[in-house]
Structure formats: C-alpha cells, structure tokens
Amino acid sequence: GARPLTVMFPFIAVEDEFYRTRDYLFDSHAWLQARGYTLSSEIAVGAMLETPSLGEASDKFFDDVDFLSVGGNDLLQFMFAADRGNERVRRRYSALHPAFLRYLRRVTDRCSAHDVNLSFCGEAAGRPLEALALAAIGFRTLSMRPVSVGPVKAMLRSVDLTAAKAFVDQSLAGVGANFQEEFRAWAVGAGADLTP
C-alpha cells in the first residue's frame, strides 16, 4: 500500500485559508483515487504558523489541524514589524523578547490542550540560549541546521528544564525589560552549556 502522506501548508494567515486548501487537497486525493491511483488513506495535514493571526485561530482549527510548525524567522519579523535586513529596526527583533515568548507559550498551551503536534523552525532553534527558552515554554521539537544540533543537545542535557520553565514563567509574568540578560545569567548559574 501507499505510505502515509504528511502535507504542510505554508503562510496560512487565517483558518479559512487552511480549510479551503485542505479541501482542495482532499478533493484532489479523491479525484486521483477515482481514476485508479493507489494513494494512502492516511493523510496528516498541518500548517506553518508564520503570522501572528494564526495563533489566535478558533478552537475548532486547533481541533482540526494535525500539526503546526512555527516559522520563527517570519513570525518574529511580522510580530515586531521589523525587517531583518534593516539595521535601524533589527534591535527590536529578538526571539527572547518577553512578548514573543508569551505569544509562543499561548500557542504551545493551545496545541497541548488540543493534542496538536508542534515544532519550531528557525534560527533561534539553533542557538543554545534561545533553544532553552523555547524548550522551557513547551516546545519539544526544534528544527535547526545540522551544525547546531550538537551545541543545542549539549545545552539541553546540561540544565534542569523544570527549573528553566519556572524561571521563564516567573520572568514572563513581570515586565521583563532585561529578560535576555537575566535569563542568560540564570542559565549560566544553573550550569547550562551555552557554547555555540
């Protein structure tokens, strides 16, 4: 038989786009099957979460989507209205900004509540300190360049994730003006290996 099929739609901004695209996929699948093609009946359909709006989709969307992958680079750019190539606004662009982490934590909580597989794909996943923050708010799958796997793995093995979660949760409850510096100091004090 045919192998299971996994399809991820990029740049879904609102849930209606997901449903229309998914319907087109299912209609095409049925059309091919009706013409004698052997296709898998196991289809997992997901979306890249690259726009802040998708994270605020309805509970029905979170019930219906099979998986989500946060496209961290684009999501950061859209969330902070910051062009990554423009040095004048680049300082506003940080994966360790409390507003970004609070938003991602809401997404991880919603995915957990609706049993949606969630991953994070982006430059931040390959940097040890950012990867620690992502793991602390609930990400269990991080996509990164191969050269980053060793340092991120070493960091995750060197620190107590429960303690990291407690620190991040407490910090994000406040203003968090110096979160990045405070989190780095906490991680180093907790024995985290942040060697890039």
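User: How many aromatic pairs turn up in a search of the whole structure?

Analyst: The search finds 11 of them, and keep in mind that this is a predicted model.

User: Why is the pair of phenylalanine 18 and phenylalanine 61 called edge-to-face?

Analyst: Their ring centres sit 5.3 Å apart, and the cut-off for a pair is within 6.5 Å. The planes are at 90 degrees, and over 60 counts as edge-to-face, so that's the label this pair gets.

User: What makes this a pair that ties together parts apart in sequence?

Analyst: Phenylalanine 18 belongs to helix α1 (residues 15-34) and phenylalanine 61 to helix α2 (residues 59-64), so the pair ties together parts that are 43 residues apart in sequence.

User: Why does phenylalanine 18 count as buried?

Analyst: Buried means under 20% relative accessible area. Phenylalanine 18 has 0%, so it counts as buried. Phenylalanine 61 is buried too, with a relative accessible area of 0%.

User: What kind of aromatic pair do phenylalanine 167 and tryptophan 186 form?

Analyst: A stacked one, with 20 degrees between the planes and 5.4 Å centre to centre. The stacked label needs planes under 30 degrees apart. Phenylalanine 167 is in helix α7 (residues 161-172) and tryptophan 186 in helix α8 (residues 179-189), 19 residues apart.

User: And serine 40: buried or exposed?

Analyst: Buried, because its relative accessibility is 8% and the cut-off is under 20%. Serine 40 is in the loop between α1 and β2 (43-49).

User: What does the side chain of serine 40 reach?

Analyst: The backbone nitrogen of glutamate 42, at 2.9 Å. A polar contact needs N or O atoms within 3.5 Å.

Terms used:
Residues are numbered from 1 along each chain as its sequence is written. This is a predicted model: local features need pLDDT of at least 70, side-chain atom pairs count only at pLDDT 80 or more; totals for chains, interfaces and linings use all residues. Side-chain values use heavy atoms; hydrogens and water are left out. Rings of Phe, Tyr and Trp (its six-membered ring) pair if their centres lie within 6.5 Å; planes under 30 degrees apart count as stacked, over 60 as edge-to-face and the rest as tilted. Helices (H or I, at least four residues) and strands (E, at least two) are DSSP runs, numbered from the N terminus. Buried means under 20% relative accessible area, exposed over 50%, partly exposed in between (1.4 Å probe, protein chains only). A polar contact is a pair of N or O atoms within 3.5 Å; within protein, one must be able to donate a hydrogen and the other to accept it, and residues adjacent in sequence count only if both atoms are side-chain atoms.
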